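Please keep the coordinates open while reading.

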Amino acid sequence: MARTSVKVNRAADIFDLAAAGNARARRVLKQRATILADVVVDLALILNPSVILLGGEVGNHPALLQEVETLLQGSEFGVVRVGLSALGSSAVLWGAIYTALDPAILGLLQPSESAG
């Protein structure tokens, strides 16, 4: 049986293929969703959040969310609500900006030693 070659430029393309019924892509989606569902359970057990939002180009893919939710329903642990971030593929960029600015802003707001 010959395999047809499908060009994949982005990781999210694999999830698009899985949603379209491609069996190989579906296996990859299932593997990644299994890992992500384990991470969600671990975070829920450690941090006890009310919701965990998935973001970024890959994390914000509806097919991934659906698969993760399906896997979490079968979990023996309490299931936390999982959703898609409104930031979409920009979530990683905004997280980096926040990470860079937060210490800078705190440094600006703290009184200087020479003010005392």
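Which residues are buried in α2? They are Ala-25, Leu-29, Ala-33, Ala-37, Val-40, Val-41 and Ala-44, where buried means under 20% relative accessible area, exposed over 50% and partly exposed in between, with a 1.4 Å probe and protein chains only. An α-helix has 3.6 residues a turn, so residues three or four places apart point the same way.

This is a predicted model, in which local features need pLDDT of at least 70, side-chain atom pairs count only at pLDDT 80 or more, and totals for chains, interfaces and linings use all residues. Residues are numbered from 1 along each chain as its sequence is written, and side-chain values use heavy atoms, without hydrogens and water. The mean pLDDT (the predictor's confidence in each residue, from 0 to 100) of the protein chain is 85.

Helices (H or I, at least four residues) and strands (E, at least two) are DSSP runs, numbered from the N terminus. After α2 comes Asn-48, with a positive phi near 55°.

The cover over the buried residues of α2 includes α1 (11-19), β1 (51-54), α4 (62-73) and β2 (81-84). Val-40 counts as buried because its relative accessibility is 1%. Leaving aside neighbours within four places in sequence, Val-40 is in contact (heavy atoms within 4.5 Å) with Ile-52, Leu-72, Val-80 and Val-82.
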